[in-house]
Structure formats: C-alpha cells, structure tokens
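Hi everyone, thanks for coming.

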Amino acid sequence: MGDLIYPQNTIAVLQKYQFNFQKKFGQNFLIDAHVMDKIIASAGVTKDSFVLEIGPGIGTMTQFLCESAKAVAAVEIDKNLIPILQDTLSSYHNVDIIHEDILKMDIGQLVLEKNGGKPIRVVANLPYYITTPIIMELFESRIPLESITVMVQKEVAERMKADAGTKEYGALSLAVQYYANPEIAANVPPNCFIPRPKVGSAVICLNCHKNPPVRVKDENLMFDIIRASFNQRRKTLVNGLNNFSKIPLTKEQIIQSIKMAGMPANVRGETLTLSQFAELSDCVYDMIKKP
C-alpha cells in the first residue's frame, strides 16, 4: 500500500510517463509518509466514508484513501495525469477517476449518485492560488459535508483559524468559521514535496457545522458587511460600510445600526466576532426594511 509515498517511486512513475509539471495547475506531489498518515487521521476517514479527493496528482494519497475508505472519487483537472492514475490505482476497485474541473462539476449530483446524498468527506492537496475559491464553492453549494481536510499555504491555514483582532483575521476567517470549525493538523515543510514549493504548507481540517453557529435574517447581507469591513481594513466600520455600494444606507443610518448592535460608532471591523457581525447584520437589515 502507498508505495508512491517513497520519492524514488514517485520519480520512477513521472519518468515512465515523461510527465512534465504544469505551472498553471500548481502541482506539488507529497512524498512524506508521516504527513500522509496525519492527513488520513485528521480527515476521520473510516470504512463507512465516501471521500471526494480533489487533485489526486499521480494517486499517492488516493492509494491511502482507497485503503481506508468505503469509496473514493478522485477528480483531476490535468488530462496528462489520467493514464497515470489509471495505472497507479489499477489494483483498487473502490475508486472512480474523474477528469474534470471541480469548479465546473455538479458535486451535488455526484454525492447523490455515489453516496445516496449522505454527507461526504473531502480531502485535497490543492494548488494554492485556487484554494479559497474551491473551499468556498464546497461550502456555498450546500452539498452534504462532514469535513474538508486540505493542504494549504501555511499563512492561509492561519487566516482560516484566526481570532478577531489578530492581524491574520479577515473575511476568510469569518467565512470558514461560519461553516466549519478549523483545526490545523500539521505544518508541512517544502522538502515534503516534489517539486519543492517556495512556501511552507499546513494541513487544516474543517469540521463542518450541522447548523451555523449564528443565525441571521439575511446571510448574503452579513457576508456583504463582512467584505465591506475588510475591504479597507484600516478604516472604521462606518466608513467601510458607507463606501460599499451594496449597503443602501446613509452614513447616519449606518452609525445608528452600529449603535443598535451595541457597538461604538468608531469601531473597526477587524475587532468584531462572528456573533457581533450577525447582530450588526440584523440591525442593518431592519434599517433597510424600515418603512
């Protein structure tokens, strides 16, 4: 099992297929068994799990997942990797190799067909430039999810987990924490990959909430307010919201909404917790709906 985790075997497969790394796909293949074990353990994969793997590469982690899970769907965008995956995964009968762009796929349909609509676990080693869009697409598409365990740039993992008032805290922290509880499972140095990336990485597990930790009258409005608060993070919340075209209130009405939420008029968005943003969002909603 998992013979691709050894660097010499990965290199042999790449040479056999004369595979060239595609910069546009941000490909870095993991070659560290200890990290691989950490990913599988933190993902909580069991013999009852259906796993969606995004970006299987040459199948290194897929082999481990096939050993641990009931079934795996491995979605790979690079057509040059499909014959390699068909080779390296040929001895496993619980995997589907899908050549597709995950952002254009109907994941809900896949979950329905392959797992009867029951919650799935997502495991991914994503290109860092597209990490956030993929994670947010998974959350916002409302597919049934148990967890997302993903290898990301270390600073992105820290931003996902950040608390209010810290320099890492931002719109991404709030969005992720609205949908899930983030836990950093491992820090991963560049020498654990072929080729070596220029930055440190981290494995982060996002354990999805059954219900969001806050309730709001208008979820989209809350995220508009959050985005506006961090668009110009050095400005006060009043100015951030006043400069944002999607908030149809005067400056005076914004100040009134902030005070109704129990905050001082000069508060900065970066100091607000998720529950405070929810409270403010409902006050802004009521102000907008006021006759």
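Let's start with sulfur: searching the whole structure turns up 0 disulfides, where a disulfide is a pair of cysteine sulfur atoms within 2.5 Å. If the word is new to you, a disulfide is a covalent bond between the sulfur atoms of two cysteines. Take C66, which is in no disulfide: the nearest cysteine sulfur belongs to C205, and that is 19 Å away.

Before I go on, a quick word on where this comes from. It's a predicted model, so local features need pLDDT of at least 70 and side-chain atom pairs count only at pLDDT 80 or more, while totals for chains, interfaces and linings use all residues. Residues are numbered from 1 along each chain as its sequence is written, and side-chain values use heavy atoms, with hydrogens and water left out.

Now, which residues of helix α3 are buried? They are T60, M61, T62, Q63, F64, L65, C66 and S68. That's 8 of the 9 residues of α3, so this helix is largely enclosed by the rest of the structure. By helix I mean a DSSP run of H or I with at least four residues, a strand is a run of E with at least two, and both are numbered from the N terminus.

So how do helices sit against each other? Two packed helices are described by the angle between their axes and the distance between the axes. Helix α2, residues 33-43, packs on α3, residues 60-68, at about 45° with the axes 11 Å apart. The axes are lines fitted to C-alpha atoms, for helices over the stretch in contact, and angles run from 0 to 180 degrees between N-to-C directions. That makes the pair oblique, because under 35 degrees is roughly parallel, over 145 roughly antiparallel, 65 to 115 roughly perpendicular, and the rest oblique. On the α2 side, M36, D37, I39 and I40 make the contact, and on the α3 side T60, M61, F64, L65 and S68 do (contact means heavy atoms within 4.5 Å).

Compare helix α8, residues 171-179, with α9, residues 219-231: here the angle is about 155° and the axes are 9 Å apart. That makes α8 roughly antiparallel to α9. A171, L174, A175, Y178 and Y179 of α8 meet E219, M222, F223, I226 and F230 of α9.

T149 sits in strand β6, residues 145-153, and its relative accessibility is 0%, so it is buried. Not counting residues up to four places away in sequence, T149 touches I39, S42, A43, V122, V123, A124, V203, I204 and C205.

N115 belongs to helix α5, residues 107-115, and at 5% it counts as buried. Leaving aside neighbours within four places, N115 is in contact with F50, K70, L110 and I120.

Last one: T131 is in helix α6, residues 131-140, and T131 is buried at 1%. With neighbours within four places left aside, T131 contacts L126, V152 and M160.

Terms used: Buried < 20%, exposed > 50% of the residue type's maximum accessible area, 1.4 Å probe, protein only.
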